Amino acid sequence: MGTRVSTLRTLITRYCVGEENWVDSRTIYIGHKEPPPGAEAFIQQRFPDNRIVSSKYTFWNFVPKNMFEQFRRVANFYFLIIFLVQLMIDTPTSPITSGLPLFFVITVTAIKQGYEDWLRHKADNSVNQCPIHVVQHGKVVRKQSRKLRVGDVVLMKEDETFPCDLILLSSSRDDGTCFVTTASLDGESSHKTYYAVEDTRAYNTEKEVDCIHATIECEQPQPDLYKFVGRINIYMDSEPVARPLGSENLLLRGATLKNTEYIYAVAIYTGMETKMALNYQSKTQKRSAVEKSMNAFLVVYLCILICKAFVNTLLKYVWQASPDRDEPWYNNRTDTERQRHIVVRVFTDFLAFMVLFNYIIPVSMYVTVEMQKFLGSYFIMWDDEMFDEELGERAVVNTSDLNEELGQVEYVFTDKTGTLTENNMEFIECCVDGHVYVPHAICNGQVMPGATGMDMIDTSPGPGAREHEELFFRALCLCHTVQVKEEETVDGIKHGIHQGKSTSFYISSSPDEVALVEGMTRLGFTYLRLKDSHMEILNREDEIERFQLLEVLTFDSVRRRMSVIVRDSSGELYLFCKGADSSIFPRVVSGKVDEVRARVEHNAVEGLRTLCVAYRHLSPEQYEEVCHMLNGAKLALQDRDKRLAEAYDVIEKDLILLGATAVEDRLQEKAADTIESLHKAGMKVWVLTGDKMETAAATCYASKLFHRNTQILELTTKRTEEQSLHDVLFDLSRTVLRQHGGMTRDSFSGLSGDCTDYGLIIDGATLSAVMRPTQEDYKEIFLDICRNCSAVLCCRMAPLQKAQIVKLIKASEEHPITLAVGDGANDVSMILEAHVGIGIMGKEGRQAVRNSDYAIPKFKHLKKMLLVHGHYYYIRISELVQYFFYKNVCFIFPQFIYQFFCGFSQQPLYDTAYLTLYNISFTSLPILLYSLIEQHINMDILRKDPSLYRDIAKNSLLRWPIFIYWTLLGVYDALVMFFGAYFLFNNTTFTSNGQMFGNWTFGTLIFTVLVFTVTFKLALDTHYWTWINHFVIWGSLVFFVVFSLLWGGIIWPFLNYQRMYYVFMQMLSSGPAWLSIILLIAASLLPDVLKKVICRTLWPTTTERIQTYAAFGYVPTLLDVSQEASLSVCVKCSFIS
Amino acid sequence: MMASSYNAKDEDGHITVTGPGGGAVLRSKKPENTAFKQQRLPAWQPILTAGTVLPAFFIIGLLFIPIGIGLFVTSNNIKEFEIDYTGADTSSPCFNCSQNFSWNSTSPCTCTVPFYLEQPYESNVYVYYGLSNFYQNHRRYVKSRDDSQLNGNLKSLREPSKECEPYAYHNNKPIAPCGAIANSMFNDTLELFYNDPNGTSVKILLGTTGIAWWTDKHVKFGNPGGVDSNLSAVFQGTTKPLNWRRPVYELDSDQSNNGFVNEDFIVWMRTAALPTFRKLYRIIGKSSQMVPTLPRGNYTLEVVYNYPVRSFEGRKRMILSTISWMGGKNPFLGIAYITVGSVCFFLGVVLLVIHHKCGNRNNGAEISN
């Protein structure tokens, strides 16, 4: 009978709690104990063990799996195909020529990946084998971490790291809490409090824990670190009790136990199912604009390659139409060749030509580009100037694929709090019913001694006001989630704070709260601690007041407020609510709303962060109701958040306004300077913030985003209330377009002079109206307005809206390159969405940093990151890409022309060794080193003169005209080289002993000229000659000569041909060969030098001008140059309009 | 430390840099302040401006033009005489030979071509034969040889490389030397006679050595079995190339110029770069200081016409040429040097003008600003 009742009760509980769907949940038996028979028809699920496998390969599958992975890349696959074609059919070049480079590339990559995987294996092993204490049959047993299973009860001691995701059962602390730091998960070093399950927290020895008889039902693992819903069914005396479990009960793998002697907890997610493991999945790949250009160029070259092969095949068969040419008596085919079908022959010929010319798309380019990116990114990490002494952090590169994109940024989206500002809050003032209180001692971070006095600007509040004032202070002392961190647990924290020994800190995930609580300390009310669900406050009379903390309605960014429900010593119940003005005022029924609102607005204009405080008396009946609602919502497994939000909405109403606070968030060091530089560099800076408009606008003025003469356009709810959105949009666009009508879009909106500077302010609500999918034309008009504004401020933004904005700009017709920079979890979405995401190592945890592509300690480092590193990487990689194509055109085009002189027979011009090594060793290192250390302009000049950044805007060095110039230059060089050698060889001798040279000497002569020409071309492009450049450039030329001497100097026994024997040396023994090499190199380089000099003299770019100044030892007053630049732009703009 | 702090590698092999903050917290994160890491290595920073390039242009101009003139004059001083004896025209003395050509004919066809040298050839004279429209650089042709066999490897002598196909075996006997190149070796015999004004015809002595590269003759090519072996015995069991009239060991009576090291053979085996080419045939050494090697006058070229070229519209020529330090007659290099030199010089002048007009204006404007 008893069991049936309990079953019924379980069913009822479950029904009330309201799960509809059980598919996505799991059941865990704590300590592997079966639930009482008949209680539930649980199905035991199979869970993985706790082995962490971050490695990708095992010893056995490394080779096949790695090969598969590598050949999935298009380029590698292409070369594999070429290699296979060479193996299968009779091709002009031996398979070695493409096989060897491919093998080299594949091997190097494989070794690198293998090494990384080996490191991961090592790390995995050390984690998997670390000993864990597990409770089995009432005894503590040591187990290896990897043998841990779901349902095991583990004993964790202080400073141990959790081996898997655990539900806290009990702790050594009486109140069943434990402190945890998640520093290695999200970088927050603050101690977070976690709570044991109410009904099990008394069981805190291994014997007792072992007799817990319970099951846990919870959702299947999901990657969100901060969400967890579950339920524990405890069978006490066969009487099941269901309790909710939330993220406050869940200890995550990777976090560390602090300040708590030991805890007992049960494993629920193990191994690869832990939240941390789920979070280490790879992000979506971002591709840089350069990479896209490179791929476009590749397609062009592939077309050229196919065309070449096609034309040659066609010509071959036209030429061969006469049998005397096809098969003259001296050159017969074998019988098998003759019997081959014509179609097969044509096809093989086509493939053979493809193979012959395939070097035009070089394998080594991919390797070099990757090496350049990989090695180049170290310069960011090594940068001394991007190291922050205060944080002890340096810049971090999470992906090196986007280095050059840093030089292409057109739009910067920045978060305000913590990014532009310090996120270091200082309590400035508070206002109770219109009376303003200002604490005189300013301090932050730590509780300062003797700061109990206070100044009152507005004195003599009446007795009623006095009561309100005290209530306000108490409200601020109670309504928060601040913890007190005890440095030493000697005779109590109370002592510490009271006597002014700085032994305790306030810690909170929100710096505002810390500032408020500290501010209260200075106004006479000190929050001491939370003990046994009682909050203790030291009031002005040094008496301890105790409030029982009943409920915490936690903060969320949608509601923008939080509340607590407390019971004071006299038993009265209060709800204190604290939140943004916009979320409090509508819920207020009485209080001096107007006075407070005036003060709030005044403070907001000053750039202060304001919060309003309100309260409400609760009768015991009301409290009952509230409790019921909250518990109902909390127990829900599905839609818990939604139901909680609904409950909160009902509870937080009919409030009485107490007052408001103002907290200052100081601007980050050099934030204004950075923004100004970014502006000058032609970037548009948008501030996206969740703050309210006035505060955000004030920050924008302070950070020079808006200037005094900036004309502010508002697109806010306030305006759209007066006019329809449609009218406002059209009004604004008319204003803007009237001014900028004639201006080209990429020209920059002047900083001074005649060009009016526009700034746009838009808020979240209006934005979502604009973005409504039905209104496509609104979007267009909005974009049009934005384009013509130098600065845009978006306030009241939800995190997702930030990403939407970025997406909107990304998708606009110019497809600008966007960069998002932020520090908090609310910026993650935009960081992931933007082309380049930059995380600031701020105070709001490490989520932004983890999801970013690059992370920097401070906002000011963005300047060097973009203006110096970005600029360098861009010019480096663009030269790298163009040069690579150029040198391969030079390389392959002579071979193409040669086909016209050898009966289209696919005879290679160069020897196999030259074909193979050209890209691998003769010409690879100079360009790699160039692309690592080139500096066309001095670093300091780049930083001081941001307008130089415009010179490379819009992918300017990889545009089609420039690409065509390089290609034509390559073709010209190839023609010079080929026909130079042709006329030299034409039917005569050029040795002094009358002997003749053959075809290999012909090829070698061209090849020698080629290697020297392309290397000298790079030397001409190099502006920054360090000893490394000298070494590598001259070194590879020397290497070429030495190699050639060696290669031709010996009869190589392993080769079945000796065609290169003494060819190089015989060539060098001839005077005319030397003379023609010199001549051809000079003739090849001449046009490029000429073009450079003439362009520099007649149409110098800003970059070139600066270079000229630097070269002539005249250091320009940089201001002049930039002024001149802006002047010229303004002249241009006024000229047009 | 956590295993996963090594960033999971992206799927498609892109490089992910594991940040230094990955976990090694103990290590100081302060970057080293070295010149290399801070990208402040001392460097020379040249730039190409009109000012710096100008001298280079003038120097190149002033260097190249004299060199070019020197080369041009040298080339012009070289005497060269060329005569086509293909026999394509009916009027040509070799017409009959070229018409009635057959590989199987046993009696060689001989024709004589008279010519007149207008100038005496003072120094050594080099005799070349030239072929046109002959694709020695055809891929199938170029690779149709066995260098190992030619080097004297006995194994390759018996089993020629398959690259030699279809000229590797004949009647199941290995061909020595194998391959299309060897098979099509030029086998016309050219002889020169000086017709003395007094009516006698003097045969001119043609030197057969020194026409091939020294390294080819002594290292790259070698007879099987060493220098002193009995060639006919060594080549026992092989057969001569199909088109040859004599086996390889009967190319020359001189043992050091016989077999694979025969210089005519070696010269032929060095495939030409272009379809119209010439190859060194003989050297007429200068006999005494007093008499020119080839005095002015009438000569006769006697050709034993063995080599068919008309099937592929080829041409055969005989060339007499003197040689200077820069080789045979080739005005190209001289002209090219003069051209490039003058272009450089001209551009130098143009740049000088530009530099003076614009450079000054630019600099002046900047400085006054």
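Which residues of chain A does UniProt list for "transmembrane region"? The legends below take this up, along with the contact between the two chains.

The model is predicted: local features need pLDDT of at least 70, side-chain atom pairs count only at pLDDT 80 or more, and totals for chains, interfaces and linings use all residues. Residues are numbered from 1 along each chain as its sequence is written, chains are lettered from A and ligands numbered from 1 in the order in which they are written, and side-chain values use heavy atoms, with hydrogens and water left out.

View 1. The unreviewed UniProt entry lists residues 74-89, 296-319, 350-369, 913-933, 963-985, 997-1019, 1031-1055 and 1061-1086. UniProt positions follow the numbering used here, feature names are shortened, and annotations may be inferred rather than shown by experiment. Residues 350-369 are 75% helix and 0% strand, with end C-alpha atoms 30 Å apart. Residues 1061-1086 are 85% helix and 0% strand. Their end C-alpha atoms are 33 Å apart. Helices (H or I, at least four residues) and strands (E, at least two) are DSSP runs, numbered from the N terminus.

**View 2. The annotated C-terminal domain of chain A.** UniProt's unreviewed entry places "domain: P-type ATPase C-terminal" at residues 849-1101. This span is 69% helix and 1% strand. Its end C-alpha atoms lie 37 Å apart.

**View 3. Where chain A meets chain B.** Here 139 residues of chain A contact 110 residues of chain B (contact: heavy atoms within 4.5 Å). The buried area is about 11,300 Å², and carbon and sulfur atoms give 59% of it. Buried area is the accessible area (1.4 Å probe) that two parts lose on being put together, summed over both. On the chain A side, A:W329, A:Y330 and A:N987 lose the most area to chain B, together 8% of what that side buries.

**View 4. A salt bridge between the chains.** B:K30 pairs with A:D384, and the closest N and O atoms are 3.0 Å apart. A salt bridge needs a side-chain nitrogen of Lys or Arg within 4 Å of a carboxyl oxygen of Asp or Glu. Four salt bridges are counted between chain A and chain B.

**View 5. Chain B.** Chain B has ten helices and ten strands. Of its 369 residues, 52% are buried (under 20% relative accessible area, 1.4 Å probe, protein chains only). Among contacts in chain B with a separation of 6 or more, 78% join residues 24 or more positions apart.

Note on methods. Buried means under 20% relative accessible area, exposed over 50%, partly exposed in between (1.4 Å probe, protein chains only).
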